[in-house]
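Could you walk me through this model, one selection at a time? I have it open in my viewer and would like to know what to click next.

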Amino acid sequence: MAQLGRLLTAMITPFTDDGAVDFAKAAELAKNLIASGNDGLIITGTTGEGPTLSEDEKLELYRVAKQAVGSASIIAGTGNYNTAESIHLTREAEKCGVDGALLVVPYYINTPQEGLYQHFKAIAQATSLPCILYNVPPRSPRNLEASTLKRLAEIDNIVGVKEASGKLEQFNDVLGAVPHGFLVYSGNDSDTYTLMSLGGYGVISVSAHLVAGETRRMVDALARGEREEAARLHFKLLPLVEALFWQPNPMPLKAAFNEIGYSVGKPRLPLVDLNEAEKTRLRSVLQQYEFDAYLTKELVPA
């Protein structure tokens, strides 16, 4: 399943000034993100504010994004805390022509490890799509333990994991447990260098909305074993990466887009726009970077 790509960006969902999904801007953004160096996109994940979107909005985003990017991969964020709902949305997303599904560890419900195994197994068996699991303990009460992931990796169409625990011990456990060819993605831009140096496959990025070119160079350097060059790029990008998480994602990222002049609207409640002091602080970081060409008005037509 390597065709899903090493560099995937979890795309924001653009909104109009009145809070509706801006499907035309979503298509434009998807096309520009691929042109900037991304292999594929996650649609309606955490960064895409998936929990605030209706089913109809999600399905239209899948259709629009896939039509916009052609052969590049579109992975639909179809998992939640409800197994039956996750199965339903994954099946509907498959009808939209997406290339894979991202399935998050259930949030709110404090699911035991056996429950996690049965939940992910049931969704995977209900679809022919390749499935990437999403371990994000900061947003869910359970860590997907390496022993559980090892069992899940035996299911044919569970092909990878987005590992966003941020813990070196977890990285070691996961990489030591999964079979050869299982795709372990960094779920945090700040962890990409570490995880790929240990044998991880790639990254599901946030900052590659803005600096896909530089992130592409870092990921490719790591894949070739050029650690010194990759480290240089890692440390160059780190202040921007950290700034994009000063407040809950995607609040700073959407503010960054709007500051640069590429309007994507404000987040939906319960997320909010950054306040003026936070925007001033963010602006001071943004001024240190050159961004991908489409953010300097060299847009790829939608």
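This is a predicted model: local features need pLDDT of at least 70, side-chain atom pairs count only at pLDDT 80 or more; totals for chains, interfaces and linings use all residues.

Residues are numbered from 1 along each chain as its sequence is written, and side-chain values use heavy atoms, with hydrogens and water left out.

**Stop 1**

Start by selecting residues 100–104, which form strand 4. Helices (H or I, at least four residues) and strands (E, at least two) are DSSP runs, numbered from the N terminus.

Look for Ala-76 opposite Ala-101. To get from strand 3 to strand 4, the chain passes through helix 3 (residues 83–95) in a right-handed β-α-β crossover. Right-handed here means that, with the strands pointing away from the viewer, the path from the first strand over the helix to the second runs clockwise.

On to strand 5 (residues 131–135), which runs parallel to strand 4 and is joined to it by 4 bridges. Leu-102 sits opposite Ile-132 there. The link from strand 4 to strand 5 goes through helix 4 (residues 113–125), and this β-α-β crossover is right-handed.

**Stop 2**

Select Tyr-108, which is in the loop between strand 4 and helix 4. Is Tyr-108 buried or exposed? Tyr-108 is exposed, at 77% relative accessible area. Its phi is near 70 degrees, a positive value in a residue other than glycine. Most residues other than glycine have a negative phi, and most peptide bonds are trans.

Ile-109 lies in that loop between strand 4 and helix 4 and is partly exposed, with a relative accessible area of 40%.

**Stop 3: Leu-152**

Go to helix 5 (residues 146–152) and pick Leu-152. Leu-152 is buried, with a relative accessible area of 0%. Which residues does Leu-152 contact, leaving aside neighbours within four places in sequence? They are Tyr-117, Phe-120, Lys-121, Leu-133, Leu-144 and Ile-158, with contact meaning heavy atoms within 4.5 Å.

**Stop 4: two buried loop residues**

Ala-164 is in the loop between strand 6 (158–163) and helix 6 (168–177), and at 3% relative accessibility Ala-164 is buried. Beyond neighbours within four places in sequence, its contacts include Tyr-134, Asn-135 and Asn-188.

Next, find Ser-207 in the loop between strand 8 (202–205) and helix 8 (208–223). Ser-207 counts as buried at 2% relative accessibility. Not counting residues up to four places away in sequence, Ser-207 touches Asp-189, Thr-215, Val-241 and Leu-244.

**Stop 5**

Zoom in on the peptide bond from Asn-249 to Pro-250, which is cis with omega near 10 degrees. Pro-250 is in the loop between helix 9 (227–243) and helix 10 (251–260). Finish at the Leu-269 to Pro-270 peptide bond, cis with omega near 15 degrees; Pro-270 is in the loop between helix 10 and helix 11 (276–286).

Terms used:
Buried means under 20% relative accessible area, exposed over 50%, partly exposed in between (1.4 Å probe, protein chains only). Two strands pair if DSSP finds at least two bridges between them.
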